[in-house]
Amino acid sequence: MKILFVCLGNICRSPIADGVMRHLVKVENLPWTIDSAGTESFHVGEAPHQHSQSVCLEKGIDISGLRARKFTHSDIDHFDRVYAMSADVFQEIKEISGKKYDPAKVELFLNELYPGQNLSVKDPWYGEREGYYEVFDQISLGCETILKKYRNKV
Ligand code: 4NP
C-alpha cells in the first residue's frame with residue numbers, strides 16, 4: 001500500500017496523519033509507503049507546525065523530519081490511496097489532478113471513520129494548542145481504521 005495524506009499547508013493536519021500512519025505500519029512491520037502533501041505552496045520546505053510536532057512527540061511520534069511539499073498530479077499515479085483531510089482539499093485535489101483524477105483512489109479521510117458523511121478534519125491552524133489534541137485523536141482513529149481495512153489486502 002502507498003498512502004498519501006493531503007491538507008492545505010502540509011504543516012498541521014496531514015503531517016500528523018503521516019506520522020501516526022508511519023508509526024502504526026512500523027509497529028506492524030508492514031512494507032507500506034506513507035507520505036503527505038499540501039494543495040497550497042505557502043509552507044513548502046517547512047517542518048510541521050510546532051504544536052503538531054509536540055502533540056505527536058507526547059505520544060511518542062517524532063515528525064520533526066517531515067518537510068512540506070505541494071501535491072502534484074503525478075501523486076495520483078504513485079499512490080494507491082490519497083486522503084483529503086477536508087472537503088476544500090478534496091476539491092483542490094480534483095482540480096490539480098485534472099485528467100489524472102481517479103475517484104477510486106481519492107477519498108475524504110473521515111469517510112473511512114464515518115462512511116458517507118463527508119466530514120472534514122477541522123483545521124487547527126486558526127486555533128489554540130488544544131485543537132491539535134482533538135485533531136490528533138481524530139486522526140489516530142482514522143489511521144487505525146485505514147490500517148484495519150487494508151492490512152490484510154496487501
Ligand atoms: P494544514 O493547516 O492545512 O492542516 O497544514 C494550514 C496551515 C497553514 C495555512 C492554512 C492551513 N495557511 O493559510 O498558511
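Student: Which residues of helix 4 (residues 87–97) are buried?

Tutor: They are V89, F90, I93 and S97. Buried means under 20% relative accessible area, with exposed over 50% and partly exposed in between (1.4 Å probe, protein chains only). Helices are DSSP runs of H or I with at least four residues, strands are E runs of at least two, and both are numbered from the N terminus. This is a predicted model, where local features need pLDDT of at least 70, side-chain atom pairs count only at pLDDT 80 or more, and totals for chains, interfaces and linings use all residues. Residues are numbered from 1 along each chain as its sequence is written, and side-chain values use heavy atoms, leaving out hydrogens and water.

Student: And what do the buried residues of helix 4 pack against?

Tutor: Strand 1, helix 3 (74–78), strand 3 and strand 4, with contact meaning heavy atoms within 4.5 Å.

Student: New topic: how many aromatic pairs does the structure hold?

Tutor: Three. Rings of Phe, Tyr and Trp (its six-membered ring) pair if their centres lie within 6.5 Å; planes under 30 degrees apart count as stacked, over 60 as edge-to-face and the rest as tilted. One of the pairs is F5 with Y83, stacked at 5.9 Å centre to centre and 20° between the planes. That pair links F5 in strand 1 (residues 2–7) to Y83 in strand 3 (residues 81–84), 78 residues apart.

Student: Nice! Why is F5 with F109 edge-to-face?

Tutor: Because their planes are at 75°, with the ring centres 5.9 Å apart.

Student: Are F5 and Y83 buried or exposed?

Tutor: Both are buried. F5, Y83 and F109 form one aromatic cluster.
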